[in-house]
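Hi everyone, thanks for making time for this. I'd like to walk you through one structure, so let me put it up on the screen and we can go through it together.

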Amino acid sequence: MTTPGEDGNTGRDNELWQQCWRDRDTAFHQTSVNHQLIRFWPGLGLAPDDRIFVPLCGKSLDLLWLAGQGHPVIGVELSPLAVRAFFKESRIQPSRRKQGRFTLWQGGNIEILCGDFFDLCAADLGPIAAVFDRAALTALPEDLRVAYLAQLRRITPANCRTLLLTTEEPEAGETRDQPFAIADEISSLYAQAFDIELSHVDSVYETDPDPAISAPLRVEQKVYWLTPKT
Ligand SMILES: C[S@@+](CC[C@H](N)C(=O)[O-])C[C@H]1O[C@@H](n2cnc3c(N)ncnc32)[C@H](O)[C@@H]1O
């Protein structure tokens, strides 16, 4: 039996993502460092020289903030346009070289492997102390998330902790008092191998990017700490 996503279909959205970057359709990009990262990262208690992996990193300013804490940072991103934009907008002059199926961009203590997350192996990443996931797991279609987590566990050390930030929307029919569906999904994805700590929830109203929808949508921005079970 194959795990969903291990049937060679993990790349089916890759062209859509590349097109998003070509069209500059990148509403997911935050123009400032994520405030929950700044607030909750110190709680992980990492040493400044611990190396951090940022999967599906886009051109996130969070890479810069993590590097500013002293961490060597390595991201993976599909779109060369995103990687180029990251270094240009950060005014960092990167070097570039081929590394297997990836192009490794490097500037200061930030490295970005440009290519498909599902093609990574542990040797591509090197030693990793923690993972920072903002809109990576949740960027993938639901049926690929099991494969995402399996791949993450294959390429990072067994004791690697994760700070996971999600933005969760109510599904049709859910009410204020019900947990949002994605919270159940996180529990079913991670609970077998990780202790899950929901350490914070911000309840905020967001404007829908679709101009036809004028009513603000209540979303929950959640902070999870995921610690591998010993
Ligand atoms: C929702 S965005 C989040 C980006 C970033 N984490 C942030 O907070 O801005 C998802 C990113 O993942 C990239 N991506 C999607 N599938 C990927 C894959 N299989 N391998 C590497 N990057 C991928 C997309 O190009 C996009 O930049």
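Let's begin at Thr156, which counts as buried because 22 C-beta neighbours lie inside 10 Å. Please keep in mind that this is a predicted model. You'll find Thr156 in the loop between α6 and β7. Which residues does Thr156 touch, leaving out those up to four places away in sequence? They are Phe53, Ile128 and Val131. For a sense of scale, Thr156 and Trp105 are 51 residues apart in sequence, and their C-alpha atoms are 20 Å apart in space.

Phe53 stands opposite Val131 in β6. The strands β1 and β6 run parallel and are joined by 2 bridges. Strand β6 covers residues 130–134 and is mostly covered, with 4 of its 5 residues buried. β6 also pairs with β7, residues 161–168, in the parallel sense, here over 5 bridges. In that pairing Ala130 stands opposite Arg161 in β7. To get from β6 to β7 the chain passes through helix α6, residues 145–155, and this β-α-β crossover is right-handed.

Now over to β2. How many of the residues of β2 are buried? It is 5 of the 5, so β2 is largely enclosed by the rest of the structure. In a regular strand, side chains alternate between the two faces of the sheet. For β2, both faces are covered: Val73, Gly75 and Glu77 are buried on one side, and Ile74 and Val76 are buried on the other.

What does β2 pair with? One partner is β1, residues 52–54, in the parallel sense over 3 bridges. Within that pairing, Val54 has Gly75 in β2 as its bridge partner. The chain goes from β1 through α3 to β2, and this β-α-β crossover is right-handed. Another partner of β2 is β5, again in the parallel sense, over 5 bridges. There, Ile74 stands opposite Glu111 in β5.

Next, helix α4, residues 80–89. Its buried residues are Ala82, Val83 and Phe86. Why do these sit on the same side of α4? They cover an arc of only 100 degrees around the axis, which puts them on one and the same side. As a reminder, an α-helix has 3.6 residues a turn, so residues three or four places apart point the same way. The buried residues of α4 pack against α1, α3, β2, β4 and β5. The face of α4 turned away from that buried side carries the exposed residues Lys88 and Glu89. Just after α4, Arg91 takes a positive phi of about 55 degrees.

Arg24 has a positive phi of about 55 degrees although it is not a glycine. Leu56, also not a glycine, has a positive phi of about 50 degrees. Arg24 is in the loop between α1 and α2, whereas Leu56 lies in the loop between β1 and α3. Buried or exposed, then, for Arg24? Arg24 is exposed, with 10 other C-beta atoms within 10 Å. Leu56 counts as buried, because it has 21 C-beta neighbours inside 10 Å.

Leu56 leads us on to the ligand. There are 20 residues around the ligand, and those that come nearest are Trp17, Leu56, Gly58, Leu78 and Phe117. Which elements give two or more residues to that shell? They are α1, residues 14–22, and β2, residues 73–77. By class, the shell has 12 nonpolar, 5 polar and 3 charged residues.

Ile186 counts as buried because it has 24 C-beta neighbours inside 10 Å. Leaving out residues up to four places away in sequence, Ile186 touches Ile196 and Tyr224. Ile186 and Leu164 are 22 residues apart in sequence and 9.9 Å apart in space, C-alpha to C-alpha.

That's the tour from my side.

Definitions and conventions: Residues numbered from 1 in each chain as written. Predicted model: local features only at pLDDT ≥ 70, side-chain atom pairs only at ≥ 80, totals over all residues. Near = placed C-beta within 6 Å. Nonpolar A, V, L, I, M, F, W, Y, C, P; charged D, E, K, R; others polar. Buried ≥ 20, exposed ≤ 12 C-beta atoms within 10 Å, placed from the backbone. Arc of directions from axis to C-beta. Contact = placed C-beta atoms within 7 Å. Pairing = 2+ DSSP bridges. Right-handed = clockwise from strand over helix to strand, strands pointing away.
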